[in-house]
Amino acid sequence: MEQGNRGTMVSMLPQQNQNPLQQLQARVKHLETGFRSWLTKQSVAVEAAIVTVASGAQGAAIGGIMGTLTGDISSALPTPPQAGLNPQAMASFKQAQALAGGPLVQARNFAVMTGANAGISCVMRRLRGKDDVQSSMVAAFGSGALFSLVSGFGGPNQVQNALTSGIFFAAVQGGLFKLGQRFSKVPSVDKDLYYSKTRSMLSNLGLDRYEANFKRGLLTDYTLPLLNDSALREVKIPPGPRLLILDHIQRDPEFKEKRKYK
């Protein structure tokens, strides 16, 4: 009886010694992965609506914080006499109001920009099956045009302003996309080459979140037939996932053949 109690206490020690912050991060990551997996199985309309609302809410929060920190500068702007101002000057005044509004104005503007961009990007990705510069520029054009219509940014011709803002947003987004692609192209290809089988194995086992552990330990596809419990423990993979990974490797015919020649 005493030995049984000791065994129970020993088995509870790892759980007590776990970092609560790491546990929370792992749980949030698990929920996020599950939610994204569920979202990809929904129709285009449902996914786009959820992504748009979620991104719009984030943008609204960011805009509200920025508007609070900068203060409502627009309230300090003098109101010009409507009759004595030409259309061009009135348009410039409205631009200043759109860019210097308080928390509610900034929350609205950021919500429209981020929500529209995310929603259009989602639709383009589902329709075209990839994320590329064309999809990115279409999403940026839509968000820029809607931002112009909602905020009143630009001159008196709203249609022309929407087109101009959309083209400007698209050009900037396309340039940033190409720039980022240029600097990240070679590293991303290298990672895919050395971890493709590892990624596939972890995905089949439902252990995608441990891909980063493999990369930190440089456990590439070439090391899979050589994996043991000690190596997986070194990269901080818990006991349960370790057993699943090792069992998969032992059962896989390809890895069995490779072990024969080692």
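These legends describe close-up views of a predicted model. Residues are numbered from 1 along each chain as its sequence is written. Local features need pLDDT of at least 70 and side-chain atom pairs pLDDT 80 or more, while totals for chains, interfaces and linings use all residues; side-chain values use heavy atoms, without hydrogens and water.

**View A. Nonpolar surface patch.** Phe 141, Val 159, Leu 163 and Ile 167 form a nonpolar patch with about 370 Å² of accessible area together (Shrake-Rupley method, 1.4 Å probe, only the protein chains shown counting as cover). Patch residues have over 30% relative accessible area and no salt bridge, with nonpolar side chains joined within 5 Å; a salt bridge is a Lys or Arg side-chain nitrogen within 4 Å of an Asp or Glu carboxyl oxygen. Helix α7 (residues 158–205) gives the largest share, three residues. Phe 141 lies in helix α6 (residues 133–151). Helices are DSSP runs (H or I) of at least four residues, numbered from the N terminus.

View B. Pro 241, Arg 242, Ile 245, Leu 246 and Ile 249 are buried (under 20% relative accessible area; exposed is over 50%, 1.4 Å probe, protein chains only). They lie on the same side of α10 because they cover an arc of only 130° around the axis, taken from the directions from the helix axis to the C-beta atoms. The face turned away carries the exposed residues Pro 239, Leu 243, Gln 250 and Arg 251.

**View C. Largest nonpolar core.** This core has 15 residues, a set of buried Ala, Val, Leu, Ile, Met, Phe, Trp, Tyr and Cys joined through side-chain atoms within 4.5 Å. Residues with the most contacts inside the core include Met 201, Phe 214 and Ile 245. Elements giving two or more residues are α7 and α10, and α10 gives the largest share, three residues.

Conventions:
Patch = residues over 30% accessible without salt bridge, like charges linked within 9 Å, V, L, I, M, F, W, Y side chains within 5 Å.
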